[in-house]
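User: I'm new to this model and would like a close look at one part of it. Could you pick the second chain and walk me through it in plain words?

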Amino acid sequence: MFQYIIRRLLLIIPVLLGVLFLTFVLMYMVPGDPVITMLGQHAEDDIINRIRAELHLDDPWHIQFYNYLTRTLKGDLGRSYISGVSVTDALKQKLPNTFRLAITAVIVSTLMGVFIGVISAVYQNTWIDHAAMTFALLFISTPVFWFGMILIYFFSMTLGWTPISGMGDGGLSLAHLILPAVTLGSRFAAFLARYTRSVMLEVITQDYIRTARSKGLKERKVILNHAVRNVMIPVVTVVGMNFASLLNGSVLTETIFAWPGFGRYVVTAIKKRDFQVIAGCVLVGSLIFVFFNLIVDVIYVGLDPRIQYD
Amino acid sequence: MRRVKSLSLITILIAFFVMFSFMMIEKVVAEEPQYGGTLHLSNNTDWDTLDPAYCSGFDAGAMAVKFYDGLVRFDYHSNDVVPALAKSWDVEENNTLFTFYLREDVEFHDGTEFTAHDVKYSFDRLYNPEVASPGTWVYPMIKGTDASLNNETNGLKGVKVIDKYTVQFELDKPFGLFLTHLTLPYGLIVNEDIVEKYGDDFRQNPVGTGPFKFVSWEHDDRLVMEANENYWDGRPYVDEVMYRVIPQPLTDIAEFEAGNLDLTTVPTEERERWLGNDEWQQYIHTMAELSTYYLALNGDFEPLDDPKVKKAIDYAIDSQMVTESLFSHYVAANDAIPEGMPGGADVEFKADIKKAKELLAEAGYPDGFELELWVSDGSTSVRVGGVLQALLGRIGIKVDLIKNDWSVFYSTVKNGNAPSYYLSWWADYADPYNFLNALYTSDRIAFNNETINTMLGKMAATTDQTERIRLSQEIIKMTDQIGDPYVFLYHTSASSIKQPWIKGEIYHQMYNADKLVTWWIDQDIKAQEMK
């Protein structure tokens with residue numbers, strides 16, 4: 001197991017190198033210019049050329065790639081072309097914010113999704129199942145932007161239970177966290193409910209469930225100890241993959257709730273063609289993705305003792 | 001008995017008089033600015049920088065003036081240029097020699113004394129090639145800027161320290177708007193030791209002479225500043241200002257509605273709800289902005305080089321109809337100069353399909369032609385592009401609408417590769433020269449008219465406002481006659497809404513005029529309203 005983890009960790013290096021290389025190639029293929037974007041309508045050719053030279057943007061791309069790589073290996077992700085802020089410092093500030101949001105979203109959506117999915121399967125074709133699946137369909141089809149605004153209107157403006165936006169005055173504020181987390185996790189919860197239901201329906205028709213029932217076990221025990229446990233393996237895979245996606249794809253939620261996170265940071269950088277920031281974010285985003293895949297694989301072992309890694 | 005009654009009446013009258021006087025006094029006292037409190041404001045985007053040398057955007061410039069001062073600034077209630085760090089100045093030798101006499105009681109936030117050396121350093125720094133400032137377009141008229149940028153000299157020859165509190169600027173040629181250019185954020189004064197102390201992080205650690213001291217900045221979240229108790233122009237009324245970054249306008253107005261923001265802009269989607277509300281109307285201020293939105297026609301692409309084709313397009317686009325149908329609260333444009341700014345020529349609005357078709361036929365295109373129209377991917381741009389496409393379709397011009405994100409869009413436009421495009425110009429300062437020079441000397445549209453260039457040169461040189469306005473009107477009339485490469489569409493306006501407890505706020509057309517020193521919070525009203 002330990003050797004397997006080490007081998008997987010070492011494999012991260014070529015993956016990241018490949019991702020960086022592709023990012024650099026893509027950035028040079030995509031039209032648009034960070035200096036012209038930065039200067040706006042006062043962009044005169046001599047100023048553009050001077051700033052481009054100062055930022056080494058006029059170097060050939062392979063030289064820029066080599067320079068970026070050597071600097072990154074020393075732990076320096078460079079500075080934003082636009083703001084001059086160190087990418088590492090910015091990520092140190094924004095990643096924890098998005099982590100906080102994504103973890104809460106995953107917890108809320110997994111609890112809700114698995115619960116609703118299991119209940120739906122257990123009460124298949126009853127009104128409970130139909131109601132749950134209708135709600136799931138509704139949430140999957142609801143645009144995040146609209147849902148976030150509705151939550152603000154109802155819980156913040158009308159009931160006054162939660163703050164409207166932001167992160168509060170520092171520290172972990174659950175009140176500030178709950179609406180963005182629910183918004184971010186709502187579609188995933190709905191998806192998970194449908195997914196859990198279908199997996200659960202398959203599991204409860206298996207022989208070992210029939211055997212458990214025929215042994216006279218209480219239905220609750222059959223469901224919780226035998227069925228749900230087997231449902232968790234595919235569910236954990238989906239949750240693990242989606243956690244990384246929630247980290248990278250939280251831009252809409254972060255915009256609605258003025259949450260200073262990773263998603264807004266990277267989208268702003270893409271709009272402004274801030275290559276240093278884009279490369280840093282892609283690198284860190286990929287690292288998170290690969291790392292979570294590894295964690296999911298390790299969790300499998302705990303859930304299913306039959307799985308072993310050499 | 002009668003006497004007693006009279007005495008009682010007099011006593012009652014006196015009591016009323018005294019009560020009334022107290023009420024009046026209380027009212028007057030209540031309107032006296034109060035010190036203290038925190039001002040809560042917002043911005044829809046994070047600030048790129050707080051270093052004056054890199055303030056290329058309006059947001060950064062508007063924020064930088066809270067921490068820094070220039071030699072001059074805009075008056076808080078007009079577009080006049082008034083003294084700031086310079087208490088007075090002499091202008092000699094036909095607008096080429098400016099001597100500034102500096103205030104002697106000014107300190108930077110860290111206690112460093114402000115002197116003429118700081119002024120020289122700030123301008124030398126702007127033209128230091130290693131700094132790579134985007135602001136070198138602002139003061140090219142100062143002697144020695146090219147030499148400095150080419151590393152031929154160390155510092156600007158045209159900026160001289162005469163003594164500790166006197167500094168002199170020598171220009172290559174007369175420039176009547178030099179003082180106005182000094183109001184721009186690139187002209188804010190920094191201190192060499194402080195800049196070197198912070199190095200690369202100076203962009204996010206502003207230490208100037210301005211009315212507010214920097215406290216903290218959580219990027220994309222909030223920026224906090226506190227009153228500079230020793231501000232040379234008197235400390236601001238509020239103790240602290242907290243700016244929040246709220247990118248979504250609907251979230252922003254919700255925060256305002258909940259009383260968490262003191263002033264904000266009414267989003268377009270919410271205009272009817274707020275402007276139609278009797279209770280709030282008195283707290284809403286609508287102001288014409290110094291902007292001009294237009295369709296540009298690039299003469300490098302056939303048949304847009306033909307003046308008749310340009311005129312035909314002008315006649316085909318009814319800017320009043322476009323404005324009314326898309327933005328009823330904006331003002332339709334007939335020339336480049338925004339409403340409320342002198343220099344406009346009242347050129348007639350053109351809307352005549354028949355004449356447009358005739359002109360197109362005369363130009364040899366009776367069946368129209370195909371035209372690429374570039375727009376950015378913002379929703380407003382796409383909507384306007386669609387309307388222009390429909391209007392030009394009426395005279396047979398088949399418009400191919402090309403949408404791209406801002407970076408691709410503007411790079412294409414900047415490189416002269418867009419045959420036609422929809423764009424705007426926002427004032428750097430309130431003078432027609434700023435608009436006309438930007439529009440008619442641009443290499444984006446292949447327009448080069450010697451007479452107009454000469455007139456623009458005269459506009460730049462003169463300090464005579466009347467003459468500048470006359471020249472502006474002449475240029476506008478001339479471009480209209482020879483086939484304007486621009487079809488002007490509309491000028492924008494914005495509505496701000498404030499909480500009842502906010503007093504002394506400024507609504508200025510220039511983004512960099514307000515230093516927040518006049519704002520104060522009526523704590524009594526706030527306490528009452530928040531209940």
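Analyst: Happy to. This is a predicted model, so local features need pLDDT of at least 70 and side-chain atom pairs count only at pLDDT 80 or more, while totals for chains, interfaces and linings use all residues. Residues are numbered from 1 along each chain as its sequence is written, chains are lettered from A, and ligands are numbered from 1, both in the order in which they are written.

Chain B has 18 helices and 21 strands. Here, helices (H or I, at least four residues) and strands (E, at least two) are DSSP runs, numbered from the N terminus. Of its 531 residues, 44% count as buried. A residue is buried if 20 or more other C-beta atoms lie within 10 Å of its own, exposed if 12 or fewer, and partly exposed in between, with C-beta atoms placed from the backbone. The C-alpha atoms of chain B fill a box of roughly 100 × 65 × 45 Å along the principal axes.

Let's begin with an open sheet of four strands in chain B, which has the order β4-β5-β7-β6 and antiparallel pairing. Two strands pair if DSSP finds at least two bridges between them. At the edges are β4 and β6 (159–163) of chain B, each pairing on one side only. From one strand to the next, the twist averages 20°. For this and the other angles, axes are lines fitted to C-alpha atoms, for helices over the stretch in contact, and angles run from 0 to 180 degrees between N-to-C directions.

Helix α3(B), residues 116–126, lies across β5, β6 and β7 of chain B and runs at about 175° to β6(B).

Another open sheet in chain B has six strands in the order β14-β18-β13-β17-β15-β16, with mixed pairing. Its edge strands are β14 (331–332) and β16 (398–404) of chain B. β14(B) pairs with β18(B), residues 486–491, in the antiparallel sense over two bridges, and B:Val331 has B:His491 as its bridge partner. Helix α14(B) packs on this sheet, touching β15 (370–376), β16 and β17 (420–426) of chain B, and its direction makes about 130° with that of β15(B).

Not counting residues up to four places away in sequence, B:Leu489 touches B:Tyr293, B:Tyr294, B:Leu295, B:Ser319, B:Val322, B:Thr323 and B:Ala333. (Two residues are in contact if their C-beta atoms, placed from the backbone, lie within 7 Å.) B:Leu489 is also among the residues with the most contacts inside the largest nonpolar core, which has 210 residues. Such a core is a set of buried Ala, Val, Leu, Ile, Met, Phe, Trp, Tyr and Cys residues joined through C-beta atoms within 7 Å.

Now for the side that touches chain A. Here 37 residues of chain B are in contact with 40 residues of chain A. The elements of chain B giving two or more residues to this side are β10 (240–245), α7 (249–257) and α14 (406–414), and α14(B) gives the most, with six residues. By class, this side has 15 nonpolar, eleven polar and eleven charged residues, where Ala, Val, Leu, Ile, Met, Phe, Trp, Tyr, Cys and Pro count as nonpolar, Asp, Glu, Lys and Arg as charged, and the others, Gly among them, as polar.

Finally, consider α7(B), whose buried residues are B:Thr251, B:Asp252, B:Ile253, B:Ala254, B:Glu255 and B:Phe256. These buried residues pack against α7 (144–158) and α11 (251–256) of chain A, together with β1 (38–43), β11 (263–265) and β19 (493–498) of chain B. Just after α7(B), B:Gly259 takes a positive phi of about 85°.
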